[in-house]
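Here is a short report for a reader new to this structure. Look through the sequence and the model, then read on.

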Amino acid sequence: MTRLRTAVIGVGHLGQHHARILAHLPDVELVGVVDSNPEQARLIAERFHTRAYTHYAALLRQVDAVHVVTPTIYHHEVAAAFLEAGVPVLVEKPMCRTVAEADHLIALAERAGVPLQVGHIERFNPAFEELLRRPIRPKFIEAERHGPFTGRSTDIGAVLDLMIHDLDLLLTLVGGPVARVAAVGASVFGGHEDMVNARLEFANGCIAHVTASRITRHPKRRLRVWAPEGYAGIDFVTRKLLLVQPSEEVRRWGIPLDRLDGSARARLREELFGRYLQVLHLDGDRKGDMLTAEIVHFLECVRTGRRPRVSGYDGRQALALAERVLESLRTHAWEGRADGPVGPHQLPPPAGYLFTPAQLACPQADAA
Ligand code: NAD
């Protein structure tokens, strides 16, 4: 097999892992890494025995595929330059800042006839892959994505940084269109929103509650699905999937509560999970690294011309839904009146303090 010549543009926190994986894959040559910070470019190039550049223009005609891992504000410019040169692109999520930019990238990829993939990595989470294999028609979904403030991705807010993962997963699981969006969110440190909750009503009747926060102390990334077929719970961090379904007995007759005698009722609690509700735990944690799976898939699409699992169109649809969430939270009236505080930057004035400095000094204060 001929070696694919690749490069990574933006080798910060995440881009350096793209470079590491490419440097170790067979049949791939990491031609170079690009970072506008020369010191960072040099450090990563040395580590993976390749050349360092401070501008992508030098590589436009030297590669067969490229990974764009710069901050989001540069995704469109960099990806467009490579697509115009006929080079397949894997662009990190969120695909761009606006739907108009995303549409432009899709048009360029179509014109060049090359794959455009978006880095919605949770689609490669073994727990989510396993769920998609099951015949589930979600009717209510809760998605939570919480993490501590990292100081990165401050060019965007929690919707484009975090919630976009779940918006893409919801569109994949439920399908569109989304009839109504109601969101609320707040900027805690200034700049963009740091926490947000959205209620989505899909045209097919499914309701989803989605929460994202980048100021939560302990990371949590999970999805819970209720459907006529049963319940599914995913922990994206541990990559575990829990499935619960009614037993054949319950599907046919329900639980005959009126015919249960005293002792049968007493046993109900112990027998609920097992006899009446069957439970399956699936552990996807030993199924390999997700970023490697995403990259290998992209390179396979480059070689075969196949449409990527997360196409430019998918990235665009997630972005379009994210724009609706942002629009809704911008117009949320905290006190129910448009002439009062509105949106993520104008919160109602605090009514007081939740605790005093003296309480803070008490040892239990750190427990949560
Ligand atoms: P980062 O700030 O750590 O790294 C970005 C790097 O790009 C920096 O080294 C910076 O110097 C460089 N850079 C900036 N402008 C550039 C330009 N015009 N050309 C070349 N290099 C440039 O950010 P990060 O956390 O690595 O995030 C990068 C991208 O990856 C963002 O779009 C982010 O949303 C995405 N991301 C995705 C996931 C995921 O789960 N898929 C996780 C983290 C980050």
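Which residues of α4 are buried?

## Helix α4

The buried residues of α4 are Val99, Glu101, Ala102, Leu105, Ile106, Leu108 and Ala109. Buried means under 20% relative accessible area, exposed over 50%, and partly exposed in between, with a 1.4 Å probe and protein chains only. The cover over these buried residues includes α3 (75-84), β6 (116-119) and α10 (312-330). Helices (H or I, at least four residues) and strands (E, at least two) are DSSP runs, numbered from the N terminus.

Helix α4 covers residues 99-112, which is 14 residues. At 1.5 Å a residue it should span 20 Å, and its end C-alpha atoms are 20 Å apart, which agrees. The expected span is 1.5 Å times one less than the number of residues. Just after α4, Gly113 takes a positive phi of about 65°.

## The model and its numbering

This is a predicted model: local features need pLDDT of at least 70, side-chain atom pairs count only at pLDDT 80 or more, and totals for chains, interfaces and linings use all residues. Residues are numbered from 1 along each chain as its sequence is written, and side-chain values use heavy atoms, with hydrogens and water left out.

## The whole chain

The protein chain has 11 helices and 14 strands. Its C-alpha atoms fill a box of roughly 80 × 55 × 45 Å, taken along the principal axes. Of its 368 residues, 47% count as buried. Take the contacts between residues at least 6 apart in sequence: 68% of them join residues at least 24 apart. Contact means heavy atoms within 4.5 Å.

## How α3 meets α4

Two packed helices are described by the angle between their axes and the distance between the axes. The axes of α3 and α4 come within 9 Å and cross at roughly 15°. That makes α3 roughly parallel to α4. Angles under 35 degrees count as roughly parallel, over 145 as roughly antiparallel, 65 to 115 as roughly perpendicular and the rest as oblique. Axes are lines fitted to C-alpha atoms, for helices over the stretch in contact, and angles run from 0 to 180 degrees between N-to-C directions.

Helix α3 brings His76, Ala79, Ala80, Leu83 and Glu84 to the contact. Helix α4 brings Glu101, His104, Leu105, Leu108, Ala109 and Ala112. The residues of this contact divide into seven nonpolar, two polar and two charged. Ala, Val, Leu, Ile, Met, Phe, Trp, Tyr, Cys and Pro count as nonpolar, Asp, Glu, Lys and Arg as charged, and the others, Gly among them, as polar.

## Backbone exceptions

Most residues other than glycine have a negative phi, and most peptide bonds are trans. A cis peptide bond joins Lys93 and Pro94, with omega about -10°. Pro94 sits in the loop between β5 (89-92) and α4. The bond from Gly176 to Pro177 is also cis, with omega near -10°. Pro177 is in the loop between α6 (158-174) and β8 (178-186).

Asp27 has a positive phi, near 65°. Asp27 is in the loop between α1 (15-24) and β2 (28-34), and is partly exposed at 31% relative accessible area. His49 has a positive phi of about 55°. His49 lies in the loop between α2 (38-47) and β3 (51-53), and is exposed at 73%.

## Pro138

Is Pro138 buried or exposed? Pro138 is buried, with a relative accessible area of 4%. Its place is the loop between α5 (126-132) and β7 (140-146). Leaving out residues up to four places away in sequence, Pro138 touches Leu173, Val174, Cys206, Val225, Trp226 and Ala227.
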